[in-house]
Amino acid sequence: MLLLFILSACSPAPPEYMRLSGMTMGTSYHITLRNPGDWTAKSLQQALDERLAAFNQIASTYIPDSELSRLNAMPAGEWRTLTPMLFDIFVVSIEVSWLSNGAFDVTVGPLVDLWGFGPEKHEGTPDDAAITKALAEVGFDRIELDMAEHKLKKNAELRIDLSAVAKGYGVDAVALWLESLGSTDYLVEIGGEMRSAGLSPRGDQWRIGVESPDLEADKTTPILLGNIGVATSGDYRNYFEENGVRYSHTIDPRTGRPITHNLASVTVLDPSCAFADAMATAFSVLGGDKTMELAEQLDIAVYLIEKTENGFSSRYSSSFAPYLEQEK
């Protein structure tokens with residue numbers, strides 16, 4: 001996971017702002033907000049943690065009795081009515097899958113496990129027969145949604161993992177909850193995915209930095225946000241090498257193999273952090289040229305960092321330009 005940095009995080013917040021932090025979804029969260037009313041930091045933290053725990057009970061694959069775990073245990077061919085939140089996650093996921101021509105796929109788990117990037121680590125590369133077998137267990141197009149009744153049916157024995165969209169959706173859910181309390185100025189971050197609104201404690205726009213993959217250079221690209229969600233994805237930290245070949249943790253669901261292009265990181269801006277989260281994963285699979293083509297076609301704000309023979313270079317879509325130009 002490539003990190004986004006809140007560039008104002010080290011400065012003390014004015015008294016009308018509060019900062020909350022904790023753990024959720026196997027990662028950390030950090031929230032800075034203007035106090036929406038008579039809340040104390042303790043009472044707001046408790047209410048937040050309760051909501052995050054409830055969300056985990058819906059979308060986690062690590063909780064045996066979560067709604068998603070129960071859905072995965074359900075036989076193929078049966079319809080199940082989903083809670084509104086889980087159904088919304090699937091709507092976003094399937095939309096991104098179709099938009100990216102299958103580069104994003106919530107059923108990719110068997111392939112991730114096969115290459116040793118799942119919960120159980122193992123060494124060595126799988127053979128063609130094993131990849132073909134795992135591909136037969138993957139396919140977002142075998143998930144059927146009933147938009148009127150909020151039902152889902154698996155048309156095959158699929159194992160669904162929402163980790164590539166859940167953090168972004170969780171950010172959206174927290175942001176909307178804060179707005180329901182009356183908060184207009186906040187930045188919500190869960191596991192590197194963010195959503196901002198209003199003004200920062202400095203009294204101006206929220207300012208973040210995109211980390212460079214060149215760890216020795218210690219560089220960040222500053223971005224000024226509006227009321228927007230931001231998600232980032234990168235493959236330069238999670239990989240293994242065998243016989244001189246580098247195998248990325250990013251698996252192309254269409255081929256069953258790790259990506260081989262030179263795209264090191266992708267940052268996506270969108271009002272929906274869930275959409276940005278899923279699209280960042282899809283773009284990481286597609287590679288730089290296909291990403292730029294699709295981003296321009298769909299008017300998506302995206303910032304890419306690619307590895308070249310001379311180090312790292314960046315480029316961005318037309319929709320992303322204003323977020324950099326404001327820094328000038």
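How many aromatic pairs does the structure hold? I count seven, taking rings of Phe, Tyr and Trp (its six-membered ring) as paired if their centres lie within 6.5 Å, with planes under 30 degrees apart called stacked, over 60 edge-to-face and the rest tilted.

Before going on, a note on the source: this is a predicted model, where local features need pLDDT of at least 70, side-chain atom pairs count only at pLDDT 80 or more, and totals for chains, interfaces and linings use all residues. Residues are numbered from 1 along each chain as its sequence is written, and side-chain values use heavy atoms, with hydrogens and water left out.

**Entry 1, ring pairs.** I looked at W98 and F140, an edge-to-face pair with 4.9 Å centre to centre and 80 degrees between the planes. This pair links distant parts of the chain, 42 residues apart: W98 sits in helix α3 (residues 84–99) and F140 in the loop between α5 (128–135) and β5 (143–146). Helices (H or I, at least four residues) and strands (E, at least two) are DSSP runs, numbered from the N terminus. W98 is exposed at 57% relative accessibility, whereas F140 is buried at 9%. My cut-offs: buried is under 20% relative accessible area, exposed over 50%, partly exposed in between (1.4 Å probe, protein chains only).

Next came Y316 and F320, a tilted pair at 6.4 Å centre to centre and 40 degrees between the planes. Y316 is partly exposed at 39%, while F320 is buried at 0%.

Is S183 buried or exposed? It is buried, because its relative accessible area is 3%. I found S183 in the loop between α6 (163–180) and β7 (186–190). Leaving out residues up to four places away in sequence, S183 touches L33, R34, P36 and L178 (contact: heavy atoms within 4.5 Å).

The largest pocket holds about 1,500 Å³ of space. Of its 47 lining residues, Y62, D161, S163, A164 and K167 are the closest to the centre. A pocket here is an open set of points on a 1 Å grid over the protein atoms alone, where a 1.4 Å probe fits, with protein on both sides within 12 Å along at least five of seven lines; lining residues have an atom within 4 Å of a point. The volume is the space filled by probe spheres set on the points, which are joined across faces, edges and corners. Which element gives the most to the lining? That is α7, with five residues.
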